[in-house]
Amino acid sequence: QTMRKLLKQFLQHLHTMESIWTSEHWRVDSQLMQNHVKPLMERAWTRLSRIEAAIDSHSTQDITMIAQAARALSESFWIVILLGLAAAIVAFFAFETQIRRPIARVVDALKAEAAGDMGVLLPVTKLAETRELAQSFDRMRRQVHSRQERLRAVLDNTADGIITLDQWGPIERFNQPAERL
């Protein structure tokens with residue numbers, strides 16, 4: 001607004017000067033230039049210098065604020081990455097200890113059971129699914145042992161000779177009457 005007022009005054013004085021320049025007494029303008037136009041121009045330059053200084057100051061502040069925002073964003077980005085990495089590590093170890101290892105122990109117990117080793121301990125876990133898997137395997141193992149014991153009792157208490165073979169032909173078991181035969 002100040003610049004507009006100054007411009008208006010400047011244009012009025014310029015118009016006055018033009019009228020003087022076009023008149024016969026054109027050298028009369030030196031006093032007008034000295035008393036009116038020069039101070040007006042000096043004020044305009046002073047105002048422009050202040051505006052320029054204010055713009056420089058604001059641009060410096062803006063650059064500083066942008067740099068701070070970029071630094072804060074970068075730090076936030078690294079914090080998120082580190083938190084994500086920590087969560088992934090925790091999730092991996094939780095998966096490893098609560099799911100993969102207990103299931104691997106159940107698999108080992110199944111293999112040992114198939115090989116005839118009956119003393120393999122099953123894992124005790126807090127996770128319901130793996131605990132249920134281990135308990136189901138244990139129930140199945142007890143049922144198989146119970147059935148084997150009943151079959152053995154039937155085989156041992158029958159008068160007929162019974163011989164069992166595996167799928168390739170070698171003898172797996174036989175009862176006492178078969179042994180006597």
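Select Glu-96 first. In this predicted model, Glu-96 is buried, with a relative accessible area of 9%.

Next, select Glu-113 and Arg-141. Their side chains meet in a salt bridge, with an N to O distance of 3.8 Å. This pair connects distant parts of the chain: Glu-113 sits in helix α2, Arg-141 in helix α3 (residues 128-156), and 28 residues separate them. Are these two residues buried or exposed? Both Arg-141 and Glu-113 are buried.

Stay in helix α3 and pick Asp-138 and Arg-142. They form a salt bridge whose closest N and O atoms are 3.0 Å apart. The two residues are about one helical turn apart, because 4 residues separate them in helix α3. Asp-138 is partly exposed, at 23% relative accessible area.

Show both pairs together. Glu-113, Asp-138, Arg-141 and Arg-142 belong to a network of salt bridges. The count of salt bridges in the model comes to 6.

Last stop: the surface. Select Met-41, Trp-45, Leu-48, Ile-51 and Ile-55. These residues make up a nonpolar surface patch, with about 480 Å² of accessible area together. Click on Ile-51. Ile-51 belongs to helix α2 (residues 29-115). With 39% relative accessibility, Ile-51 counts as partly exposed.

Terms used: Residues are numbered from 1 along each chain as its sequence is written. This is a predicted model: local features need pLDDT of at least 70, side-chain atom pairs count only at pLDDT 80 or more; totals for chains, interfaces and linings use all residues. Side-chain values use heavy atoms; hydrogens and water are left out. Patches are made of residues with over 30% relative accessible area and no salt bridge: like charges are joined within 9 Å, nonpolar side chains (Val, Leu, Ile, Met, Phe, Trp, Tyr) within 5 Å. Accessible areas come from the Shrake-Rupley method with a 1.4 Å probe; for residues, only the protein chains shown count as cover. A salt bridge is a side-chain nitrogen of Lys or Arg within 4 Å of a carboxyl oxygen of Asp or Glu. Buried means under 20% relative accessible area, exposed over 50%, partly exposed in between (1.4 Å probe, protein chains only).
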